[in-house]
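Do keep the viewer open and follow along.

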Amino acid sequence: MKLFKSKSIRTLVIASSVSLLSATGAVKAADSTAPIVIPIHNWSSQIVMAYVIGGMFEAMGSNVEYVPADSQAVYESIRNGDVTISHEVWKSSFGKSFYNAMGKGGVIDAGTHAALTLEEMGVPTWVIEKDLCPGLPNWEALKDCHENFTTPDSGGKGRWLEGPQSWHGELMPERIEALGLSDKWVVKFAGGADALWTELASAKKEGRGTIVFNWTPNFTDADGFTFIEFPPYTEGCRKADGGDGSCGSPKGWLKKAANYKFPKTHPAAYTAYSQVSFTTTQIGQMAALVDTDKMDHKDAGKKWLADNEAVWKSWAGM
Amino acid sequence: MITTIKERKYLQFLLLLVVFYLLCLIVPPSDSNILWRFPPLLKQLPIIINDSVNYLLFDWWLIDVWDPDIEEFEQKPLVNLITRAFSGVILFMIEFIREIMLGGVKTIVTFSGWEWATANPWARWPALPWTVVAGGATIIGYALKGPRLALFVFFTFAYIALFGQWEPSMETLSFVLIAAPVSVLLGLALGVWAFRSRRVETIMNPLLNVAQIVPHFSYLIPVMIFFGIGDHAGAIATVIFATPPMVRLTLLGLKKLPPEVAEAGLMSGCNNRQLLLKVLIPTARRDILIGVNQVIMQCLAMVVIASLIGAKGLGNNLLIALNGLRIGLALELGVCIVLIAIMLDRLSLAWANKQTDYFADLSFVQRNKFSLIFGVVFVAGIILAYIGSFFFKDGFNYLYLIPHNKGITTQDFWQSGVDWIWDTFFYSLKGFNEWLIIDVLVPVKTAYLGMPVIATFTLVMGVGFIVGGTRVALSVGGFLLFIALTEWWDRALITAYLVSLAVVISSIIGIVAGTLCAQHPVTTRFILTVCDTFQTFPSFIYLIPVMMLFGVTDTSVLIAIVVYTTVPATRYTVEGLISVPAALHDAGSMSGVNRIQRYFSIELPMSFPHLALGVNQTVVFALSMVIIGALIGTDDLGQLILGSLSDRQGVGNGLILGLCVAFIGLAIDQIIRTWANQRKQALGLD
């Protein structure tokens, strides 16, 4: 197909670009004025953080644009340059999409937040208070309390409500198998985060036991949520990595991704972005402004920026 | 004996069932048995598609383009340059309309570049005060139809403004104002083309089905990769989804016209173009307008999905609200979407029905009175906004733009309503839910999964053969074969189980409800409005309450699908019944039939083509809802499509999975359509 590569088109484009270059006036050291595109997903801390980081860029004189995007699909857009950054890359939920896109080229790793994340099966704290499964959060307790966690379609076994299959594949079914719980527990894949939160709300109303996949920092932290303590994670203990699968989740990172051109087009903004590092507390604050104080996401972003000027100004070098 | 079987169709069906049942019994379930499951020969297909898309998009015909931002030449593939240029045009149109209503800088940037716009912060397009937009729309409503429409339009805008959803609503409106007309024009053009050439019609029909049935999620990723993320990508996905019903109804309308209409046109000396534009399309207006209605409804039904690939506005806010389980807020947003849908539908209807009075002799003021009134509203609105800037000192000028989520809100009320429903019905529903799952859903699902592949083929191809002969049997078999050769046959069986249950339930509900409501004009209008509401009301909203009541189970999925698929069944029943000519009713009454006889011997047979189309659309809708079911949590094709969003082979997997869903639909469509055509011919309707 290289045959079609026409010389004349090439020269034409070069010629026109050169004239364009001379028109814009040669070399610039400063950041480009083209907008930095920040994605908006559907959970509050991410959105507030988008406005916080966007506000920081704006304070540095950059143009910023926000675009709604699906949290899994966004990495393909970053790769293609349609979106510039993604500031909440969760290890176990988005790690796969992130590295897939990086493998194809176009996405760079722009550093890690201070916050450590945990993504694991767990129970709302009132399940422990009601003693529906004596011995929790130790996983051994699961050996004889599954009757309190059955549903009509679980065939008499207790149910783990796991996130969509696209998040961690067969991880949880393999873990149940490896821990020897498979005759008492079964995994049901929910369709999305909404389904998990709905399950939490309805189980609470009904006062029945439920085991769901969840993570922290998250807005559910406020209501009390306890993660089950599985045998500790060791390198290679998962079935996909060659182990037997009888281990829990590791504490995970929270990374920042960017399009590969971002450091070149906006050197100052990228430098600041690479230094951005939120702690668990800060992320919790941002989520709480919306989920607890019922503020608008944009206002919450502004409020956080105003309250924490010292923090972000040191990143921005201002 | 053989001749009796040849003559009696029910005997043939009986024989087929016996064979099917025997096959189910004798074929042992084992993966190595080719009669139980076919080997996945097409396993490589998604990978091949993926690689070709990647090649086309990233490696084919590279052109060196100078990127002034990084001061380097970059190799850009031709396809990418073309599709991005196309996106640019669409995005410009959307932004242009958006900025008329909300203000902004994008339109100016298109002509000046970011450099200049950043250097000159005064160069911003000002927003119109909301009073002017609302007033202008009200005037349009009055001019097109009269005070009642004007009142409704005003109410819609007032609701949006007062509830603090002005900004997202205008974003959504600007998006729909581009997507809907494009779909209408495209649909009209394709419909006319299909009307003129039988060959085009035969080719187009399956394509339309595919476009309508393939779940949106499976083309989200391809659209996003080809066209980039943003409002334009949302608009393109919406157009793919919204155009098919327009094409179909244009074609239906034109085909129904008696030849005398065209002859009359030709006798008056029309050329081809005049015949089409001045005679045929206006005469077929009734069905074409149903098409326009459908386009608008589909566009707004896509608002939420489109926000996954970058469409701003209500859909996006809705997803965010639902993720925080703020059902009250989501409900308010949903009402905004429905109101916009109904308003656009009524306005476009009024515009299409408006007759021009060619003989009126009017003065300048009379001719331009509405423009003049708008001029007054425009000035008054700006003055009001200016005055407002003195009253509202602390940032928000309520007479100019009502800021987002700062209006009044009733979300607590709705929230407590949802809680009340939960408290009141939960325990009675729980018993029902358990019964349904244990005694109906699980057995049916097991039965579907327990079918050997050879039995499924025998059954479906056999039905095809009995209904339409070898040709139908072969084409239906072809569709199934494609699915059977992928590695997802079991998933497809689960999809089929959900869809077939949903179609049966909603067809029954729809036909009964439609029949009852078609008996009186008032109830007819009422039920059609209910249909519009449920079609546009984002299904995501009732997913949450349904999940609260029925848990993350197949019951919830089934209910979500049924709520949505009952709409076409009802709508086409009503349309069919009211299109039966009054003369036939009279003729029936004169022959002494009573009400019930009239319904069964005249109205029902006469509206049969509409009913068949209704059931057909029910299947289509149900299949397209499969993905929504996946958001609750299923283990069917939908769940895999959802998964393809993050997959390395996402594009290929998504498309092939989407095709699997579409082919289930095409197979069913083929059988229903053939049968309906036979019935039509038997009744002398065709």
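**Entry 1: domains of chain A.** I began with the domain assignment, whose bounds come from an automatic or database source. Chain A is split into domain 1 (30-116 + 253-316) and domain 2 (118-241). I then looked up the distance between their C-alpha centres, which is 30 Å. Their contact draws 13 residues from domain 1 of chain A and eight residues from domain 2 of chain A; two residues are in contact if their C-beta atoms, placed from the backbone, lie within 7 Å. On the domain 1 side, α2 (44-59), α4 (91-104) and α11 (280-291) of chain A each supply at least two residues. Helices here are DSSP runs of H or I with at least four residues, strands are runs of E with at least two, and both are numbered from the N terminus. The most comes from α11(A), with five residues.

Before going further, I noted the ground rules. This is a predicted model, in which local features need pLDDT of at least 70, side-chain atom pairs count only at pLDDT 80 or more, and totals for chains, interfaces and linings use all residues. Residues are numbered from 1 along each chain as its sequence is written, while chains are lettered from A and ligands numbered from 1 in the order in which they are written.

**Entry 2: a sheet in chain A.** I found an open sheet of three strands in the order β3-β10-β4 (chain A), with antiparallel pairing; a pair needs at least two DSSP bridges between the strands. β3 (85-90) and β4 (107-112) of chain A are the edge strands with a single partner each, so one side of each has no neighbour in the sheet. From one strand to the next the twist averages 30°. β3(A) is joined to β10 (residues 254-259) of chain A by four bridges, and W90(A) stands opposite L254(A) in β10(A). I also saw α4(A) lying across β3, β4 and β10 of chain A, at about 130° to β3(A). For such angles, axes are lines fitted to C-alpha atoms (for helices over the stretch in contact), and the range is 0 to 180 degrees between N-to-C directions.

Entry 3: Most residues other than glycine have a negative phi, and most peptide bonds are trans. I looked for exceptions.

- The bond from L136(A) to P137(A) is cis, with omega near 10°, and P137(A) is in the loop between α5 (125-129) and β6 (158-162) of chain A.
- The bond from T216(A) to P217(A) is cis too, with omega near 0°; P217(A) lies between β8 (211-216) and β9 (225-227) of chain A, in a loop.
- K294(A) has a positive phi, near 55°, and sits in the loop between α11 and α12 (297-307) of chain A.
- W61(B) has a positive phi near 50°, in the loop between α3 (45-59) and β1 (62-67) of chain B.

**Entry 4: chain B and its partner.** I counted 30 helices and two strands in chain B. Its radius of gyration, taken over C-alpha atoms, is 27 Å, close to the 26 Å of the globule rule (2.2 Å times the number of residues to the power 0.38) for 686 residues, so chain B is as compact as a globular protein of that length. The contact between the chains takes 61 residues from chain A and 59 residues from chain B. On the chain A side, helix α8 (residues 193-206) gives the largest share, nine residues.
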